[in-house]
Amino acid sequence: MLLGLRAAIGAMRRAGGGAVVVTSSVTGLGGEPRRWPYAAAKAGAINLVRSAAIDLALPPPSPVSPTAIDPVS
């Protein structure tokens, strides 16, 4: 996921901007019984996008906006 996000951000910067959408889950926010590998992976996706968004907002701000969504909510 990291390599894909990095490549997409680079391509979108060169193209003048865009939005990167990463599929996540509310399970990554709180976890579920017997689904800890899935919860850990989704928590990683959420925090990867959160960190990328913070980094891209630093001066000079980037025209690329990363977002994590939960398709069920």
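The model is predicted. The protein contains three helices and two strands, and these elements follow the pattern α-β-α-α-β when read along the sequence. Of the 73 residues in the protein, 27% are buried.

**Overall dimensions and surface**

- The C-alpha trace of the protein spans about 45 × 25 × 20 Å along its principal axes.
- Where contacts in the protein join residues at least 6 apart in sequence, 55% of them link residues at least 24 apart.

- Thr 27 is located in helix α2, which comprises residues 27-30.
- Thr 27 counts as buried because its relative accessibility is 4%, and buried means under 20%.
- Leaving aside residues up to four places away in sequence, Thr 27 touches Glu 32, Arg 35, Tyr 38 and Ala 39.
- With one of these residues, Glu 32, Thr 27 makes a polar contact between side chains, at 2.7 Å.

**Arg 35, Tyr 38 and aromatic rings**

- Two of the residues touched by Thr 27, namely Arg 35 and Tyr 38, are also related to each other: Arg 35 lies over the face of Tyr 38, at 4.4 Å from the ring centre.
- A pair of aromatic rings is described by the distance of the centres and the angle of the planes.
- A search of the whole structure for aromatic pairs finds zero.

- Pro 71 is classed as exposed because its relative accessible area is 57%, and the class of exposed residues begins over 50%.
- Pro 71 touches Thr 23 and Ser 24, when residues up to four places away in sequence are not counted.
- Pro 71 and Val 26 are 45 residues apart along the chain, and a distance of 9.6 Å separates their C-alpha atoms.

- Thr 27 is buried at 4% relative accessibility, whereas Pro 71 is exposed at 57% relative accessible area.

Note on methods: Residues numbered from 1 in each chain as written. Predicted model: local features only at pLDDT ≥ 70, side-chain atom pairs only at ≥ 80, totals over all residues. Heavy atoms only, no water. Buried < 20%, exposed > 50% of the residue type's maximum accessible area, 1.4 Å probe, protein only. Contact = heavy atoms within 4.5 Å. Phe/Tyr/Trp six-rings, centres within 6.5 Å; stacked < 30°, edge-to-face > 60°. Lys NZ or Arg CZ within 6 Å of the ring centre and 35° of its normal. Helix = DSSP H or I, 4+ residues; strand = E, 2+ residues; numbered from the N terminus. Polar contact = N/O pair within 3.5 Å; in protein donor to acceptor, adjacent residues only side chain to side chain.
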